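Please find some notes on this model below. They are set out as numbered points.

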Amino acid sequence: MVLLWIGIAIVALIVVILIVKAVKTPSRDVMGVELKCKNCGSKTNGLKCPKCEDKSQTFGI
């Protein structure tokens with residue numbers, strides 16, 4: 001019975017945390033996608049920056 005109450009308390013805490021995060025998140029924010037490159041500041045729309053990415057492709061070799 002005690003484990004049931006502990007489980008209910010944990011679920012309630014998780015629900016409160018998720019509600020607070022949902023309220024604080026801007027409505028236009030989609031999954032935290034960065035629209036600008038962190039290094040140069042050019043607009044990337046969440047893709048890799050063509051200016052900053054490494055041109056050589058080694059395929060892990």
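1. Cys 40 is partly exposed, at a relative accessible area of 39%. Cys 37 is buried, at 14% relative accessibility. The classes are buried under 20% relative accessible area, exposed over 50%, and partly exposed in between (1.4 Å probe, protein chains only).

2. The model is predicted: local features need pLDDT of at least 70, side-chain atom pairs count only at pLDDT 80 or more, and totals for chains, interfaces and linings use all residues. Residues are numbered from 1 along each chain as its sequence is written, and side-chain values use heavy atoms, without hydrogens and water.

3. How many disulfides are there? The count is zero, taking a pair of cysteine sulfur atoms within 2.5 Å as the criterion.

4. The protein chain has one helix and zero strands. These are DSSP runs, numbered from the N terminus: helices are H or I with at least four residues, strands E with at least two. Helix H1 spans residues 2–24 and includes Ile 14. Ile 14 is partly exposed, with 45% relative accessible area.

5. Ile 14 also belongs to a nonpolar surface patch of about 620 Å², together with Val 2, Leu 3, Ile 6, Ile 10 and Leu 18. Patch residues have over 30% relative accessible area and no salt bridge, with nonpolar side chains (Val, Leu, Ile, Met, Phe, Trp, Tyr) joined within 5 Å and like charges within 9 Å. A salt bridge puts a side-chain nitrogen of Lys or Arg within 4 Å of a carboxyl oxygen of Asp or Glu. Areas are Shrake-Rupley values with a 1.4 Å probe.
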